[in-house]
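Please look over the model below before reading on. The notes cover packing, backbone angles and charge pairs.

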Amino acid sequence: MKTLEEKVLELAKILEDGKGENVCVIDVSGINSWTDYFIIVTANSGSLAHGLYKNIKDFTKENDLQIYVPHRKNPSGDDWILVDMGAIVVHLMSKEARDFYDLEKLWFNGRKIR
């Protein structure tokens, strides 16, 4: 059986193979009470973000995980899709949104594992 960290790293690899860019994994378990890992991915188009989201859905089915409710940070666009799986939160972001919100800097106390 895979550990949670192994699942996170496998999902990060799937997102990278699916053409997601600058995939970053941060372990926030020691500094956050509501999730353990962030996966932050740049998706250069809305269609790419939707394709990556489909990859995430397929991964959850194969690994006994659940997506709670996907959220668009901008309801009219694809700048930031947040996918909450409980212990894992995936941020699919446009380059502009990623540069603006700079989550890696915000969560600098987390342990970068990829």
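1. Is K2 buried, exposed or partly exposed? K2 is partly exposed, at 35% relative accessibility. (Buried is under 20% relative accessible area, exposed over 50%, partly exposed in between; 1.4 Å probe, protein chains only.) The side chains of K2 and E10 form a salt bridge, at 2.7 Å from N to O. E10 is partly exposed as well, at 31%.

2. Ground rules. This is a predicted model: local features need pLDDT of at least 70, side-chain atom pairs count only at pLDDT 80 or more, and totals for chains, interfaces and linings use all residues. Residues are numbered from 1 along each chain as its sequence is written, and side-chain values use heavy atoms, with hydrogens and water left out.

3. Main core. The largest nonpolar core holds 23 residues. (Such a core is a set of buried Ala, Val, Leu, Ile, Met, Phe, Trp, Tyr and Cys residues joined through side-chain atoms within 4.5 Å.) I39, I56 and V90 touch the most other members. At least two residues each come from α1 (4-17), β1 (21-27), β2 (37-42), α2 (46-62), β4 (80-84) and β5 (88-93). (Helices, H or I of at least four residues, and strands, E of at least two, are DSSP runs numbered from the N terminus.) The top contributor is α2, with 6 residues.

4. V90 and the second core. Beyond its neighbours within four places in sequence, V90 contacts L11, L15, I39, I56, I81, L82, V83 and M85. (Contact means heavy atoms within 4.5 Å.) A second, separate core has 12 residues, including I26, F38, I40 and W80.

5. Positive phi. N22 has a positive phi of about 50 degrees. N22 sits in strand β1 and is exposed, at 57% relative accessible area. D64 has a phi near 55 degrees, also positive. D64 lies in the loop between α2 and β3 (71-72) and is exposed, at 73%.

6. Salt bridges. The structure holds 7 of them. (The criterion: a side-chain nitrogen of Lys or Arg within 4 Å of a carboxyl oxygen of Asp or Glu.) D27 and R111 pair at 3.0 Å, N to O. D27 is in β1 and R111 in β6 (residues 111-112), so this pair ties together parts 84 residues apart in sequence. D27 is buried, at 11%; R111 is partly exposed, at 44%.

7. A buried pair. E104 and R98 meet in a salt bridge at 2.3 Å, N to O. E104 is buried at 18%, and R98 is buried at 8%. Elsewhere, salt bridges with shared partners join E5, D27 and R111 into one network.
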